[in-house]
Amino acid sequence: MHDFERRRDRFDFFDRMESPAVNLCFTLDVPDFRPWCKEQGLAPFHVMLCAVLRAVLKVENFRYRIVDGEVIRIDRLVPSFTVMNQHGDLNFAQFDWSDDVREFVARGLAAREQASNMTELNVKYRTMSPRDAKDQVFVTCMPWLDFTSIQHPMASIATPDIPSFAWGRFRDGPDGLQLPFSVQAHHGFVDGWHIHLLGRQVADELAAIIRAS
């Protein structure tokens, strides 16, 4: 927590505000990993999810949380993301982490299938303890939209300590793919520079996944 202590005065400054959230939407440049996914028989969304969560763990500022008024740093992530059920209603899929990208994708697909077949909101998600909920980030994907802004919901406007991420429709870019990417986090933990670092790390993680095949 040494790095956090160095910026505790910034945390105290923003945490006193009615809304300490920073919310930024930008164009993310990543390598075109879709041909590789097709060759490997892997779903692009789940490979992207793996890259995003790996990046979160490597940019420390996105690992800080507030528990009982104290700042902690999480050491693991429980992957989760939004899905639609058969009625077009939102639900939440969750699964256990795997360092192997193929196992990660397989678990994600199984969780999506399970959550999409639920009529009511995922019971496991609703019964998470406040502490267990901190071991996640909120992820949604809107592949049909090339959005330019988004407002993520928060349990409390005063405590946006669990980061939220969203991305939209892929389009061809000059050096690969481009997509709208949104990040919301506690400004006491995360500045624009850290969001930039996260974006670069996502691209690096995708490139590393392809190289490792």
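## His-196 and the model

His-196 is partly exposed, because its relative accessible area is 36% (buried is under 20%, exposed over 50%, partly exposed in between; 1.4 Å probe, protein chains only). His-196 is found in helix α8, residues 192–211. Helices (H or I, at least four residues) and strands (E, at least two) are DSSP runs, numbered from the N terminus. His-196 and Leu-28 are 168 residues apart in sequence, yet 9.4 Å apart in space, C-alpha to C-alpha.

This is a predicted model: local features need pLDDT of at least 70, side-chain atom pairs count only at pLDDT 80 or more, and totals for chains, interfaces and linings use all residues. Residues are numbered from 1 along each chain as its sequence is written, and side-chain values use heavy atoms, with hydrogens and water left out.

## Overall form

The protein has eight helices and nine strands. Its radius of gyration is 17 Å, close to the 17 Å of the globule rule for 213 residues, so the protein is as compact as a globular protein of that length. That radius is taken over C-alpha atoms, and the rule is 2.2 Å times the number of residues to the power 0.38. Along the principal axes, the C-alpha atoms fill a box of roughly 50 × 40 × 30 Å.

Buried residues make up 48% of the 213 residues. Consider contacts (heavy atoms within 4.5 Å) between residues at least 6 apart in sequence: 73% of them join residues at least 24 apart.

## Nonpolar core

The largest nonpolar core has 52 residues. Such a core is a set of buried Ala, Val, Leu, Ile, Met, Phe, Trp, Tyr and Cys residues joined through side-chain atoms within 4.5 Å. Met-48, Phe-62, Trp-167, Phe-181, Leu-198 and Val-202 have the most contacts inside this core. Helix α4 (residues 44–58) gives the most to the core, with 10 residues.

Leu-198 touches Ala-55, Val-56, Val-59, Phe-62, Phe-165, Phe-181 and Val-183, not counting residues up to four places away in sequence.

α5 has 16 residues and reaches 22 Å from its first C-alpha to its last, close to the 22 Å expected at 1.5 Å a residue. The expected span is 1.5 Å times one less than the number of residues. Val-101, Phe-104, Val-105, Gly-108, Ala-111, Ala-115 and Ser-116 are buried in α5. They lie on the same side of α5, because they cover an arc of only 125° around the axis; the arc is that of the directions from the helix axis to the C-beta atoms. Their cover includes α4, β4 (80–84), β5 (90–94) and α8.

His-46 lies in helix α4. His-46 is buried, with a relative accessible area of 1%. Not counting residues up to four places away in sequence, His-46 touches Phe-81, Phe-104, Val-105, Gly-108, Leu-109 and Arg-112.

## Two buried loop residues

Asp-135 sits in the loop between α7 (130–133) and β6 (138–141). It counts as buried, at 5% relative accessibility. Its side chain makes a polar contact with the side chain of Arg-76 at 3.4 Å. Polar contacts are N or O pairs within 3.5 Å; within protein, one atom must be able to donate a hydrogen and the other to accept it, and residues adjacent in sequence count only if both atoms are side-chain atoms.

Asn-122 lies in the loop between α5 (101–116) and α6 (123–126). Asn-122 counts as buried too, at 7% relative accessibility. Not counting residues up to four places away in sequence, Asn-122 touches Asn-91 and Phe-92.
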